[in-house]
Amino acid sequence: MAGDEAQVLNALDVAKTQWYHFTAVIVAGMGFFTDAYDLFSISLVTKLLGRVYYYVEGSPKPGTLPPNVAAAVNGVAFCGTISGQLFFGWLGDKLGRKKVYGMTLLTMIVCSIGSGLSFGHTPTSVMATLCFFRFWLGFGIGGDYPLSATIMSEYSSKKTRGAFISAVFAMQGFGILAAGIFAIILSGAFKSKFPAPTYEVDPAGSTVPQADFVWRIMLMAGAVPAVLTFYSRIKMPETARYTALVAKNAERAAADMAKVLQVEIASEQPKEEESNRVKSYGMFSKEFLTRHGLHLLGTTSTWFLLDIAYYSQNLFQKDIFSAVGWIPPAKTMNALAEMFFIAKAQTLIALCGSVPGYWFTVAFIDRIGRFWIQLGGFFFMTVFMFALAIPYDHWTHRENRMGFVVMYSLTFFFANFGPNSTTFVVPAEVFPARFRSTCHGISSASGKLGAIVGAFGFLYLAQSQDPSKTDAGYPPGIGVRNSLIALGVVSVLGFFCTFLVPETRGRSLEEISGENEDLEAS
């Protein structure tokens, strides 16, 4: 390895944990806070949107979003996210991480506010405007996946790298909690200020006109944390690994790192011919396929399978709660009370299952390793899904409902103390610096494809087999029980695909990706 590059990279690998590392977690993590806040707040407001815009006079049930509209509102952000992951992933390797990092957050801020300001004279035009802003919000969120993971992996030392990358991702847990708590406070405040009868008593009067403000405030509030960290983000220096290995400027890399980390690195600019002698190969070359083809297959397949299971449960947990009677029937509540109950249930699951799982990963990932956490996570997700599905009738009895919620929380706990965290960490470690952001973008886009399959597949699959019990406009499905069995099978496939992913704990990024050998060979 060229001496100057070796000095810079070695200094990063052995650097002690410093205040800047924690600052970077907060700044990088705010994108994920916004991501989680938005994706899960939309699941809270979809029932409210149905009541506000799709009320049918004389109907025995409250208004719900038609299937195609529900699919568009929930799914358009995923489509934007996939586009953002691929585009910003590629751009992060071409222009550098820092240059494009502010763009993603700015996009999120503008589009979060735009989502809440969706306008139109008809329900269709309001939903069309909402979908437009949600696509571009997803685009910004998508860019944050490869850039935040890559930046954090390139800043960290080899001893604590896993913990710091997973801590960035764990900010999602706080985003979910914030969405739930804010929805409880908001719907509770409007409910007490503007009391309304239940749908059974007065169908039209059960949705007060002010309910239209509730979902708008809910979506716009997602911009607040992003605004607070925007300045810090644009001031972050380029990562030393990108500057040294891709931009070939070891002197600049040393200077940038000395500003933020308390390390002294004496460096000279390497000679032009020396820095260009590194063995080079392209992303679509046979060499890349030989070295990293299986790694890319492993990171994309595990993330794809995980997100089918994870998002189908997460986006539609309100339907699961209704199915087992944890939320009262819609007609026995007014619009704001329904949002209040759904938010309370979702927050409880986040508090008991999601958030602890994320932080267990942070605590143990550099001790147990990525491979075992991911393998164990898929194993226990399978166990708990089958445990929910096989005796499903047992869980629907009133006296067993708390047991169902505990089991359901455990599937979330092991998703987050498992593949939901590790699939984010590993692609930021196994690929060379010049492809790192692109490959992470491809892996995360594969995950969001799985989220689309899970979210839309489950929307239809989880409908009752009895046509009289389906939601308005939906064909009969296979029911919640069979859907849970299908998700268990998906988790089994994830378990086996994990064997394609290498263990990266305690090794330098250059050793894992093979860049050490390339530099030494030069």
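Predicted model: local features only at pLDDT ≥ 70, side-chain atom pairs only at ≥ 80, totals over all residues.
**Charges over rings**

I started with R233, and its charged end sits over the ring of Y101, 3.8 Å from the ring centre.

**Aromatic pairs**

How many aromatic pairs does the structure hold? I got 43. I picked out F32 and F424 to look at: their ring centres are 5.0 Å apart and their planes stand at 80°, so I wrote this pair down as edge-to-face. The cut-off I needed here is that planes over 60 degrees apart count as edge-to-face.

F32 belongs to helix 2, residues 19-53, while F424 belongs to helix 18, residues 419-425. They are 392 residues apart, and the pair links distant parts of the chain.

Are F32 and F424 buried or exposed? F32 has 0% relative accessibility, so it goes down as buried. F424 is also at 0% and is buried.

F288 lies in helix 12 (residues 286-315) and F435 in helix 19 (residues 433-461), so the pair ties together parts that are 147 residues apart in sequence. I looked up burial here as well, and both F288 and F435 are buried.

I also came across a whole cluster of phenylalanines linked by ring pairs. Its members are F360, F364, F379, F380, F384, F413, F414 and F417.

**Helix 2 and its partners**

Back to helix 2, since F32 had taken me there. Which way does helix 2 run relative to helix 5? I found that helix 2 and helix 5 (residues 123-155) pack at an angle of about 160°, with axes 10 Å apart. Angles over 145 degrees count as roughly antiparallel, so that is what I called helix 2 and helix 5. Helix 2 passes helix 5 in a left-handed crossing. I sorted the residues in this contact and got 18 nonpolar, three polar and four charged.

Helix 2 packs against helix 7 at about 165°, with the axes 10 Å apart. That makes helix 2 roughly antiparallel to helix 7. This crossing is left-handed as well.

**Helix 3 against helix 19**

Helix 19 had come up with F435, and I wanted to see what packs on it. The axes of helix 3 (residues 67-95) and helix 19 come within 7 Å and cross at roughly 170°. Helix 3 and helix 19 are therefore roughly antiparallel. Their contact residues split into 19 nonpolar, nine polar and four charged.

**Two loop residues**

K248 lies in the loop between helix 9 (240-246) and helix 10 (250-260). Its relative accessible area is 22%, so I put K248 down as partly exposed.

G222 is in another loop, between helix 7 and helix 8 (223-235). At 3% relative accessibility, G222 counts as buried.

**Places far apart in sequence**

Last, I looked up two residue pairs by their C-alpha distances. L297 lies in helix 12, where I had already placed F288. L297 comes out at 45% relative accessibility, so it counts as partly exposed. How far from L297 is L500 in space? The answer is 7.4 Å, C-alpha to C-alpha, although the two are 203 residues apart in sequence.

V490 is in helix 20 (residues 479-497). With a relative accessible area of 14%, V490 is buried, because buried means under 20%. The C-alpha atoms of V490 and T302 are separated by 10.0 Å, and these two residues are 188 apart along the chain.

Notes
Residues numbered from 1 in each chain as written. Heavy atoms only, no water. Phe/Tyr/Trp six-rings, centres within 6.5 Å; stacked < 30°, edge-to-face > 60°. Helix = DSSP H or I, 4+ residues; strand = E, 2+ residues; numbered from the N terminus. Buried < 20%, exposed > 50% of the residue type's maximum accessible area, 1.4 Å probe, protein only. Lys NZ or Arg CZ within 6 Å of the ring centre and 35° of its normal. Axes fitted to C-alpha atoms, helices over the stretch in contact; angles between N-to-C directions. Parallel < 35°, antiparallel > 145°, perpendicular 65-115°, else oblique. Left-handed = near helix turned anticlockwise from the far one by under 90°. Nonpolar A, V, L, I, M, F, W, Y, C, P; charged D, E, K, R; others polar.
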